[in-house]
Structures are given as C-alpha cells and as structure tokens.
Amino acid sequence: PQSILTFEGNQVASADQIMAKLRGIGAVKHDIKSMDVQPSSNSNAIIIFVTGTIKIGGDNPLHFCEMFQLVSTGPAAYYVHNDVFRLNYGL
C-alpha cells in the first residue's frame, strides 16, 4: 500500500521516505489532549484527528494537530494511508 505523510506542508510518500522523515525529527514525547474518530468512505478505514502537545528533543512543548487514516489489511491489521501533521503556533 502507498502511504503519504504531509508534515508541516512537506509531503513524502513511501514507507522508506516517511520513516526517514520521522527519524530525522529526533526524540519526541506526545501529550494527547483530544481525539476524534470517524468512519471513512472506505468501509475498511477510519479517520482519526488528534490534538495535543509535543516535546521534541526535550524542548518546550508545542501544540500540534494530526489527522490520519487507518486502512485495514486484514483482521486486527492496519496501516497509515494518509497522515497530515501541523504544529500550531501562537495558541
């Protein structure tokens, strides 16, 4: 399956490119504040929207929002098909 990540407006596709992007960020710690889940138009998928704060490399926490779609590939097996992540400045 083809996955796509848009991180702060920069889009990467393929598992290798996505993993390279995420590894390049460094150590992170998420604190989830809210999560909403909806069914997708694809009956084998769900859409998830998350807000919270993230610490990157031990720096001060930053607000973020993230939307992603999980698609089933079998019983209890999912992959991230779409992922959109943004930091929220000035909150």
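Modeller: A residue counts as buried under 20% relative accessible area, as exposed over 50%, and as partly exposed in between (1.4 Å probe, protein chains only). The model here is predicted: local features need pLDDT of at least 70, side-chain atom pairs count only at pLDDT 80 or more, and totals for chains, interfaces and linings use all residues. Residues are numbered from 1 along each chain as its sequence is written, and side-chain values use heavy atoms, without hydrogens and water.

Biologist: What share of the residues of the protein chain counts as buried?

Modeller: Of its 91 residues, 26% do.

Biologist: Which pattern does the protein chain follow along the sequence?

Modeller: Helices (H or I, at least four residues) and strands (E, at least two) are DSSP runs, numbered from the N terminus. The protein chain has 1 helix and 6 strands, in the order β-β-α-β-β-β-β. Its C-alpha atoms fill a box of roughly 40 × 30 × 25 Å along the principal axes.

Biologist: With which residues is Met-35 in contact, its neighbours within four places in sequence aside?

Modeller: Contact means heavy atoms within 4.5 Å. On that basis Met-35 touches Ile-48, Phe-49 and Val-50. Met-35 lies in strand 3 and is exposed, at 53% relative accessible area. From C-alpha to C-alpha, Met-35 and Met-67 are 9.6 Å apart, although 32 residues separate them in sequence.

Biologist: Which element gives the most to the lining of the largest pocket?

Modeller: Rolling a probe the size of a water molecule over the atoms shows where empty space is left. A pocket is an open set of points on a 1 Å grid over the protein atoms alone, where a 1.4 Å probe fits, with protein on both sides within 12 Å along at least five of seven lines; lining residues have an atom within 4 Å of a point. Helix 1 gives the most, with 3 residues. Strand 1 (4-7), helix 1 (15-25), strand 3 (28-39) and strand 6 (77-88) each supply at least two. The lining includes Leu-5, Phe-7, His-30, Glu-66 and Phe-85.
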